[in-house]
Amino acid sequence: VRSRNSIAGVLANSLAEATVQNPKLLSDLVNQADTVVITALLEAEKCFDPVPREAAARLIQQFGNEGPVPVLLIKETRNPDVAIRKQAVKHLGDLKEPSLLPTYESILKDKNESAGVLYNVIIALEQLKGEPIIPALKLATQTNVAQVRTHAAKLLGLLKAEDAITDLIRLLADSNDYVKNSAINALIEIGEPTINPLIAVLDSKAQNVIPDKNPDFVNQYQYIANVYIDTARLESRRISTQAAAIQVLGSLKARAAISRLINLFENDDLRGSASAALTAIAGVAVPDVIQALQDTRDDIRIQSTGVLNTIGDPRATEPLIEVLKSDPRKEVKASAAQALGNMKAYGLNNGAIEPLTQALTLDDTTAANAATALGQIKIGSNQANQRLMAIALDKRGRETVRSAALFALSQLK
């Protein structure tokens with residue numbers, strides 16, 4: 001290897017010196033039949049010594065698009081030596097030539113190509129820019145190299161490539177967080193056209209992204225094939241894919257997704273993601289979430305009060321007061337009391353004060369939340385003050401409830 005490096009280095013240095021004396025030398029060499037000058041210079045770029053390595057790179061750059069140079073470089077993209085293939089692609093990219101797109105696409109289809117070569121293809125595509133590179137970038141999302149998939153997703157987002165929405169949604173199933181996050185950001189960049197395809201992910205429970213195992217799918221998307229190791233892994237990946245889709249829908253404030261997100265409150269794995277998305281959607285979602293307070297399903301009502309608590313929209317005040325008065329579940333009442341306090345919402349004619357006072361007699365969590373809420377609202381009543389005092393003085397009561405009562409009394413003075 002050292003001997004080969006030495007010979008290639010001497011050649012590169014000699015050619016660099018000779019071209020100073022004879023500027024036409026490079027042109028003459030490259031136009032000879034069966035020329036090997038490009039191969040030799042690519043070999044020199046592997047030298048350990050930076051001087052001949054940089055000299056070889058400069059000489060190749062001097063060729064530009066001249067004569068057969070692009071064809072010779074394309075030939076070297078099939079060289080058995082990965083280092084030569086990598087540099088050949090780099091120099092092709094420097095030509096910024098759209099006619100090379102078929103070459104790049106051919107390289108990207110090779111599932112066995114090295115990471116370095118594939119990444120140089122992405123850099124070459126980035127230098128070209130514009131819509132013509134979208135088909136190649138879509139192919140890049142299917143490679144086995146995470147860095148390439150990440151960069152491809154970023155470029156598709158910058159191009160707002162609607163044709164690539166399906167490909168980007170597929171990347172939501174990627175186990176690599178960098179890839180997944182790049183796909184999420186790209187879908188957000190594309191915007192409204194992604195909403196219906198993302199809703200389809202939820203409707204199918206991500207089976208349209210990760211279907212039941214079949215050989216064609218596994219061959220095309222080898223980076224995702226490990227999900228089929230066992231049923232638990234497959235289900236987990238489908239859940240994480242849905243969570244990523246939900247995140248995008250929330251960021252896009254997708255009105256069309258609101259009812260589906262509310263229904264996901266019943267899903268142990270996805271209710272947190274659904275709550276976060278509805279919180280991000282905020283004002284547009286509030287009427288639907290308020291309506292969900294009347295749902296017969298306990299989990300829907302519990303999560304709905306939590307979302308309204310986080311959003312803090314005053315439109316929820318009267319509905320939350322009604323929940324505090326009449327909902328049969330203590331968890332819903334506790335969440336409603338907390339929401340009223342955080343919103344500092346006392347309602348029409350101080351309508352929140354009486355139900356909050358009554359809630360002081362309920363379970364510890366609801367009582368503590370009600371006491372804290374009264375302190376946050378800073379409006380009380382004689383009855384509220386008496387009950388708070390009784391709680392504070394009861395040494396047998398839970399400390400959290402007593403502390404909440406003491407807080408309220410300090411604020412109601």
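Predicted model: local features only at pLDDT ≥ 70, side-chain atom pairs only at ≥ 80, totals over all residues.

**Entry 1: a loop residue.** I began at Ala-282, which sits in the loop between helix H17 (271-281) and helix H18 (286-292). Is Ala-282 exposed or partly exposed? I found a relative accessibility of 21% for Ala-282, so this residue counts as partly exposed; buried would mean under 20%. Then I checked the backbone: phi of Ala-282 is near 60°, a positive value in a residue other than glycine. I made a note of that because most residues other than glycine have a negative phi.

**Entry 2: another positive phi.** Next I turned to Asn-349, where phi is near 55°, again positive in a residue other than glycine. Where is Asn-349 found? I located Asn-349 in the loop between helix H21 (330-343) and helix H22 (353-359). The relative accessible area of Asn-349 is 80%, so I wrote this residue down as exposed; the cut-off for exposed is over 50%.

**Entry 3: the whole chain.** Then I stepped back for the overall picture. How many helices and strands are there in the chain? I read off 25 helices and zero strands. For the radius of gyration, I found 32 Å for the chain, while a compact globule of 413 residues would have a value near 22 Å. Along the principal axes, the C-alpha atoms of the chain fill a box of roughly 105 × 45 × 35 Å. I also looked up burial: 48% of the 413 residues count as buried.

**Entry 4: a helix residue and a distance.** I picked Arg-233 next and placed this residue in helix H15 (residues 231-251). With a relative accessible area of 36%, Arg-233 is partly exposed, since that label covers values between 20% and 50%. From Arg-233 I looked across to Leu-388, which is 155 residues apart from it along the chain. The C-alpha atoms of Arg-233 and Leu-388 are separated by 51 Å.

**Entry 5: charge on the surface.** Last, I looked at a surface patch. Which residues gather in a patch of negative charge? I listed Glu-131, Glu-162, Asp-163 and Glu-192, and this patch lies on the surface. I followed up on one of them, Glu-192, and found this residue in the loop between helix H12 (177-190) and helix H13 (195-203). Glu-192 has 58% relative accessibility and therefore counts as exposed.

Methods: Residues numbered from 1 in each chain as written. Heavy atoms only, no water. Patch = residues over 30% accessible without salt bridge, like charges linked within 9 Å, V, L, I, M, F, W, Y side chains within 5 Å. Areas by Shrake-Rupley, 256 points an atom, 1.4 Å probe, with all protein chains shown as cover. Salt bridge = Lys/Arg side-chain N within 4 Å of Asp/Glu carboxyl O. Lys, Arg positive; Asp, Glu negative; His and termini not counted. Charge placed at Lys NZ, Arg CZ, Asp CG, Glu CD. Helix = DSSP H or I, 4+ residues; strand = E, 2+ residues; numbered from the N terminus. Buried < 20%, exposed > 50% of the residue type's maximum accessible area, 1.4 Å probe, protein only. Rg over C-alpha atoms; globule rule 2.2 N^0.38 Å.
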